[in-house]
Amino acid sequence: MKANEIVQKIMESDGVTQKKLAEALGYDAPQYVGNMLYRKNGMRVDNLVKMLNVMGYEVVIRKKIGKSEEWKVD
C-alpha cells in the first residue's frame with residue numbers, strides 16, 4: 001500500500017477530513033493536504049510523518065527478519 005493510501009484509510013477510519021487535517025498541520029486551506037495526498041510522484045516522507053503524527057500515529061522502522069530492534073521516525 002502506498003503512503004497516501006495509508007493516510008487516506010486512516011483519515012476515513014478516524015473521521016478526519018482534509019480540512020481538519022490541514023488545520024492540525026497549521027495550513028489555511030485543505031487544498032494543501034489534497035496536494036500532498038494526490039501528488040503524481042507520491043508523498044514525501046516528511047509529509048507522511050507529519051500527517052500521521054497529528055492524527056496520533058507513528059512510523060516505525062524495523063528489519064523484516066532477525067533482530068527486533070526498531071526506530072521511530074519523528
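# A guided tour of four helices and two strands

The structure holds two salt bridges, a salt bridge being a side-chain nitrogen of Lys or Arg within 4 Å of a carboxyl oxygen of Asp or Glu. We will visit both of them later on the tour.

Before you start clicking, two notes. You are looking at a predicted model, in which local features need pLDDT of at least 70 and side-chain atom pairs count only at pLDDT 80 or more, while totals for chains, interfaces and linings use all residues. Residues are numbered from 1 along each chain as its sequence is written, and side-chain values use heavy atoms, with hydrogens and water left out.

**Stop 1: the whole chain**

Show the protein as a cartoon and follow the chain from the N terminus: the elements run α-α-α-α-β-β. Helices (H or I, at least four residues) and strands (E, at least two) are DSSP runs, numbered from the N terminus. Along the principal axes, the C-alpha atoms fill a box of roughly 45 × 25 × 20 Å. Of the 74 residues, 24% count as buried. Here buried means under 20% relative accessible area, exposed means over 50%, and partly exposed is in between (1.4 Å probe, protein chains only).

Now think about contacts, meaning heavy atoms within 4.5 Å. Among the contacts with a separation of 6 or more, 41% come from residues 24 or more positions apart.

**Stop 2: helix α4**

Select residues 45-54, which make up helix α4. Which residues of this helix are buried? They are Asn 47, Leu 48, Val 49, Met 51 and Leu 52. Next, colour their packing partners: the buried residues of α4 pack against α1 (3-14), α2 (18-25), α3 (31-37), β1 (59-62) and β2 (70-73).

Val 45 is also found in α4, but Val 45 is exposed, with a relative accessible area of 59%. Try the distance tool from Val 45 to Val 73: the two are 28 residues apart in sequence and 9.7 Å apart in space, C-alpha to C-alpha. After the helix comes Gly 56, whose phi is positive, near 90°.

**Stop 3**

To see the contact, select Leu 21, Ala 24 and Leu 25 of α2 together with Lys 50, Met 51 and Val 54 of α4. By class, this contact has five nonpolar, no polar and one charged residues. In this scheme Ala, Val, Leu, Ile, Met, Phe, Trp, Tyr, Cys and Pro count as nonpolar, Asp, Glu, Lys and Arg as charged, and the others, Gly among them, as polar.

**Stop 4: the nonpolar core**

A nonpolar core is a set of buried Ala, Val, Leu, Ile, Met, Phe, Trp, Tyr and Cys residues joined through side-chain atoms within 4.5 Å. The largest one has 14 residues, and Val 7, Leu 21, Val 33, Leu 37, Met 51 and Met 55 touch the most other members. Helices α1, α2, α3 and α4 each supply at least two residues of this core.

Zoom in on Leu 37. Not counting residues up to four places away in sequence, Leu 37 touches Asn 4, Val 7, Gln 8, Met 11, Gln 18, Met 43 and Met 51.

**Stop 5: two loops**

Select Val 16, in the loop between α1 and α2. Leaving aside neighbours within four places in sequence, Val 16 is in contact with Met 11, Leu 21 and Met 55.

Then move to Gly 26, in the loop between α2 and α3. At 58% relative accessibility, Gly 26 counts as exposed. The C-alpha atoms of Gly 26 and Gly 42, 16 residues apart along the chain, are separated by 21 Å.

**Stop 6: the salt bridges**

Side chains of opposite charge can pair when their charged atoms come close. Arg 44 is partly exposed at 44% relative accessibility, and Asp 46 is partly exposed at 31%.

Finish with Glu 58 and Lys 72, whose closest N and O atoms are 3.8 Å apart in a salt bridge. Glu 58 lies in the loop between α4 and β1 and Lys 72 in strand β2, so the pair ties together parts that are 14 residues apart in sequence.
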